[in-house]
Amino acid sequence: MQAAAERSGAVYVSVRFGNVLGSRGSVVPLFQRQIAAGGPVTVTHPEMTRYFMTIPEAVQLVLQAAAFGTPGSGETFVLDMGEPMKIVQLARDLIHLSGLEEGRDIEITFSGLRPGEKMFEELFLESEDFGRTAHGKVFMARNGQKSAVPLSGMDRLTAAAEAGDAELALRLLGEAVPSLRPSLARGAAVAASKARISPT
């Protein structure tokens with residue numbers, strides 16, 4: 001996005017979401033289904049934390065980002081979501097709100113981290129500059145690290161992904177994103193191998 005903005009001089013912006021409560025990919029509906037079925041409620045790890053935002057906050061962030069974008073800059077906007085929350089505490093709150101008691105009516109079990117999964121969510125990279133905008137709850141981040149690969153090189157990355165070549169795709173991704181962590185890349189490769197990615 002940043003490279004496209006710089007090359008064209010157009011307004012390209014992106015937003016960085018936390019977990020959107022009540023959205024299709026949210027953990028809340030999953031926990032609610034598990035509670036309704038009598039449990040157990042499955043949590044990855046007792047210390048895992050995530051940032052959460054509501055659907056109205058997510059919509060507002062998108063609209064504010066559209067208003068704040070400047071030509072040729074390629075900013076990334078992030079909502080101030082306060083402190084991260086432990087996933088297990090969210091599960092306990094939902095159990096309590098359902099009129100049940102953990103350990104008596106329903107159990108919480110821990111399934112363990114999946115390959116490449118982070119224990120804690122990071123909103124900003126070490127290489128990024130960030131600051132507040134005119135809106136009190138919206139940050140603007142600018143990644144100071146330039147991609148080592150021209151936009152034309154993304155064609156090879158796309159082809160590798162479409163062919164299901166996880167090893168090549170991760171290597172090309174590492175060239176394009178120097179801050180990619182080797183441990184996350186290895187975890188993603190394991191997950192891709194287990195999923196047996198195939199072209200669609």
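Modeller: One term to start with: contact means heavy atoms within 4.5 Å. In the protein chain, residues 24 or more positions apart account for 72% of the contacts with a separation of 6 or more.

Colleague: Where does the model come from, and how are residues numbered?
Modeller: This is a predicted model, where local features need pLDDT of at least 70 and side-chain atom pairs count only at pLDDT 80 or more, while totals for chains, interfaces and linings use all residues. Residues are numbered from 1 along each chain as its sequence is written, and side-chain values use heavy atoms, with hydrogens and water left out.

Colleague: How many helices and strands are in the protein chain?
Modeller: There are seven helices and 10 strands. Those are DSSP runs numbered from the N terminus, helices being H or I with at least four residues and strands E with at least two.

Colleague: And what share of the residues is buried?
Modeller: Buried residues make up 30% of the 200 in the chain. Buried means under 20% relative accessible area, exposed is over 50%, and partly exposed is in between (1.4 Å probe, protein chains only).

Colleague: Which residues have the most contacts inside the largest nonpolar core?
Modeller: Phe31, Val41, Val43 and Ile108, in a core of 16 residues. Helix H2 (27-36), strand E3 (41-43) and helix H4 (87-97) each supply at least two of its residues, and H4 gives the most, with six. A nonpolar core here is a set of buried Ala, Val, Leu, Ile, Met, Phe, Trp, Tyr and Cys residues joined through side-chain atoms within 4.5 Å.

Colleague: What is Val43 in contact with?
Modeller: Setting aside neighbours within four places in sequence, Val43 is in contact with Phe31, Ile87, Val88, Ala91, Ile108, Thr109, Phe110 and Ser111. There's also a second, separate core of 13 residues, which includes Val78, Leu79, Leu123 and Val138.

Colleague: Back to H2. Which of its residues are buried?
Modeller: Val28, Phe31, Gln34 and Ile35. Seen down the axis of H2, they fall within an arc of 125°, so they line one face of the helix. That arc is the one spanned by the directions from the helix axis to the C-beta atoms. The buried residues of H2 pack against E3 and H4, while Arg33 and Ala36 are exposed on the other side.

Colleague: New topic: how many salt bridges does a search of the whole structure find?
Modeller: Seven. A salt bridge is a side-chain nitrogen of Lys or Arg within 4 Å of a carboxyl oxygen of Asp or Glu. One of them joins the side chains of Glu47 and Lys86 (3.1 Å, N to O). That pair links distant parts of the chain, 39 residues apart: Glu47 is in the loop between E3 and E4, and Lys86 is in strand E7 (residues 85-86).

Colleague: Which residues are linked in a network of salt bridges?
Modeller: Glu101, Arg104 and Asp105. The Glu101 and Arg104 side chains meet at 3.3 Å, N to O, and those of Arg104 and Asp105 at 2.9 Å. Arg104 is exposed, with a relative accessible area of 57%, whereas Asp105 is partly exposed at 33%.

Colleague: Last one: is Thr49 buried or exposed?
Modeller: Thr49 is buried, with a relative accessible area of 12%. Its place is in strand E4 (residues 49-50).
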